[in-house]
Structure formats: C-alpha cells, structure tokens
Amino acid sequence: LLQSFYWERLLVELMIDWAVKNQIPQLFLLPAAMNKYDDPEDPNIVERFQKRYDGTAEICGFKMRTNGLWSLDLRGLGVAE
C-alpha cells in the first residue's frame, strides 16, 4: 500500500506550502545525482532515484538550474520579493 503512495510529492508540496506561508522566495532541491546512495542488491538504484526524486521535483514545478540544483521561484505564488 505505502509503496504506491508518492510520499516524495507530498513532502515537497508540504515544503512549498510552508515556504509560501513563511514568505520564503525560493526553494532548492538536490538532484539524485548529488546524493550518495549504494545498494549492492539493487543494480538499478541510481535510475530509480533519478526517476522518483528528480521526477517529483519536475512534476512539482522545479526547474534544473545551471548550478545543478532544482529550483522553484515562489514569488509568483504570493511571496513578496
């Protein structure tokens, strides 16, 4: 049951709501490539992380920046500059 639940999206959406309420103008997320993970029993872990975490960032409106981070500008969502 919980495997089919996209908890990553819920966590990111909660972070966005919290940031808007607290007038934080921009959020950043690390892409999967900048995280360290290893599972010798799962040879596809890198691809799974990229699909799940980078995909979540993109679905939630984050854009990949030239510095390699996912970024979301919240100023258009009611956050003052």
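Visitor: Which residues do ring pairs link into a cluster?

Guide: This is a predicted model: local features need pLDDT of at least 70, side-chain atom pairs count only at pLDDT 80 or more, and totals for chains, interfaces and linings use all residues. Residues are numbered from 1 along each chain as its sequence is written, and side-chain values use heavy atoms, without hydrogens and water. Rings of Phe, Tyr and Trp (its six-membered ring) pair if their centres lie within 6.5 Å. Ring pairs make a cluster of Trp7, Phe49 and Tyr53.

Visitor: How many aromatic pairs does this rule count, and what is the geometry of Trp7 and Tyr53?

Guide: The rule gives 2 aromatic pairs. Planes under 30 degrees apart count as stacked, over 60 as edge-to-face and the rest as tilted. The ring centres of Trp7 and Tyr53 are 6.3 Å apart and their planes stand at 65°, so this pair is edge-to-face.

Visitor: How many residues apart in sequence are the parts that Trp7 and Tyr53 tie together?

Guide: Helices are DSSP runs (H or I, at least four residues), numbered from the N terminus. Trp7 lies in helix α1 (residues 7-21) and Tyr53 in helix α2 (residues 45-59), so the parts they tie together are apart by 46 residues.

Methods. Helices (H or I, at least four residues) and strands (E, at least two) are DSSP runs, numbered from the N terminus.
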